[in-house]
Structures are given as C-alpha cells and as structure tokens.
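My notes follow in the order I checked things.

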Amino acid sequence: MNDADVSKQIQQMVRFIRQEAEEKANEISVSAEEEFNIEKLQLVEAEKKKIRQEYERKEKQVDVRKKIEYSMQLNASRIKVLQAQDDLVDTMKEAAAKELLNFSHHEHGIIDSIIHHHHGGYKKLLHDLIVQSLLRLKEPCVLLRCRKHDVHLVEHVLEAVKEEYAEKANVHQPEIIGDEIYLPPAPSHHNMHGPSCSGGVVLASRDGKIVCENTLDARLEVVFRKKLPEIRKCLFGQVTA
C-alpha cells in the first residue's frame, strides 16, 4: 500500500469519526433540548400549581372573612331585633305599672267615696290581698305593712278581712298589727330614683321569719314573668328564650 492509499484511508477514517462525532453531538444536543424542555415544563407546571394553591388559599381566606362578616352582621341584626322586642315588652310593663299606679292613686284620691262603696275599687283589692296573704301565712298573729297613704283604707277593711279569713281557714280571727314602718310612697317626679310602691301590702309572721309580699309591684312582676312567653308569642309570633 503506497502513501496515497494510506492517506486516502486515513481521510476516510477521519471523516467517519467526524461524522460519528457530529451525530453523537447532535444526539446529545437533541437529548439535552428534550430534557431542558421537560424540566422547563415541570418548573412551569410547579409554578402554576403554586400560583393556583396561593390563589385558592387567598380565595378561602376571603370566603372565611365574608362568612365571619356576614355572621357578625347577622348577630348584630338579631341583637337589635331582640333589643327592640325587649324594649317593647318593657314599655308594656311600664304601661301596666302606670295603670296600677293610676288605679291605686285615683282610688286613694277619693277615699271618702270608697269607704261608702265597700265592694269597689282599690279598697276591695286591698281587702283581697290581705286575706290572700293571711291564707298563705296561716299565722295567728301577723305584722302588716302598707303605704302611709293607704293606712285609712287598710284600717277600714281589717275587721271584714279577719272575719273572712277565720271563716275560710276555720280558725280564730287573727291578730293583725300595723307595722310602724311604711312601704315607700308611690313613684313621682320628686322621687324618681328612690324606692317606691304602687300599692298593696306586705304581711309577715310576728318574728319576721315568714314574709308574704303582696304589693301591686310584686304581683305585676310575678304575672309578667309567668306570662312573658305568651306575651312574646302574641307580639312577635314566636316564643323566645
């Protein structure tokens, strides 16, 4: 083999190696491009996922905040409604108390007329309240306390009270002692913040251990508390606690 043949063979081998190298380099380049694209796609998808998760988190926060705000507004509205209902009930109670006060005050203003009408008005009510208190206490001797302005009315009904109680309880007539301490006077503009009493009586055993409060204010409180569910149902269409 001469030099020309050797040179030609070497050139062929060089071309072959170069071609193989170029093909290998091209494969590497294509593979690297594919891996790059895959990695890039994975990174893009990962970022998209992070963005979606962040958006969902913020969306949930907004939703929770809206629910909290709605709940607060709803509770505030309910409180306003309940307060308005309470105010209306209190207004009714005040109106009832004023009616009782007018009743006892009006009747007291015409005591002389009442004394001649034994079965009418506030005097009859005092009579019944004292009898009821005696039947509850069932004591042979009791202390009776009333307003100073009602003393004359109470004194006028005591004998009839004793007789009725003795007959109903089938016992001897009780001893009723007028207490030296009076119940507070009726509420007025001059005594708006002090203790007051719209009328009625308080009876107690002689030792003071058993007490029966039968004032108009106490009776109104008891009746109102007992009838409050019915009052609310009548006014608002439902019973609220």
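I started with Glu27, and I find this residue in helix H1, which covers residues 3-109. This is a predicted model, so I keep that in mind for everything below. Glu27 also turned up in a surface patch of negative charge, where it gathers with Glu20, Glu22 and Glu23.

How many does the rule give? I get a count of 15 salt bridges. I picked out one of them, between the side chains of Lys50 and Glu47, with 3.9 Å from N to O. That sits just inside the cut-off, which asks for a side-chain nitrogen within 4 Å of a carboxyl oxygen. Why can these two meet? Lys50 and Glu47 are three residues apart in helix H1, so about one helical turn separates them.

Then the sheet. I see four strands in an open sheet, ordered E2-E1-E3-E4, and the pairing is mixed. Which strands are at the edges? Those are E2 (175-178) and E4 (211-215), and each of them pairs on one side only. On average, neighbouring strands here are turned by 25° against each other, with direction ignored. As a reminder to myself, strands of a sheet pair through backbone hydrogen bonds, parallel or antiparallel.

Going residue by residue, I have Val201 with Asn214 of E4 as its bridge partner, and Val202 standing opposite Glu213 in E4.

Last, the hairpin of E3 and E4. How many residues lie between the strands? I note five residues there. I also jotted down Gly208 in this hairpin, which takes a positive phi near 80°.

Definitions and conventions
Residues are numbered from 1 along each chain as its sequence is written. This is a predicted model: local features need pLDDT of at least 70, side-chain atom pairs count only at pLDDT 80 or more; totals for chains, interfaces and linings use all residues. Side-chain values use heavy atoms; hydrogens and water are left out. Patches are made of residues with over 30% relative accessible area and no salt bridge: like charges are joined within 9 Å, nonpolar side chains (Val, Leu, Ile, Met, Phe, Trp, Tyr) within 5 Å. Accessible areas come from the Shrake-Rupley method with a 1.4 Å probe; for residues, only the protein chains shown count as cover. Lys and Arg count as positive and Asp and Glu as negative; His and the chain ends are not counted. The place of a charge is taken as NZ of Lys, CZ of Arg, CG of Asp or CD of Glu. Helices (H or I, at least four residues) and strands (E, at least two) are DSSP runs, numbered from the N terminus. Two strands pair if DSSP finds at least two bridges between them. Axes are lines fitted to C-alpha atoms, for helices over the stretch in contact, and angles run from 0 to 180 degrees between N-to-C directions.
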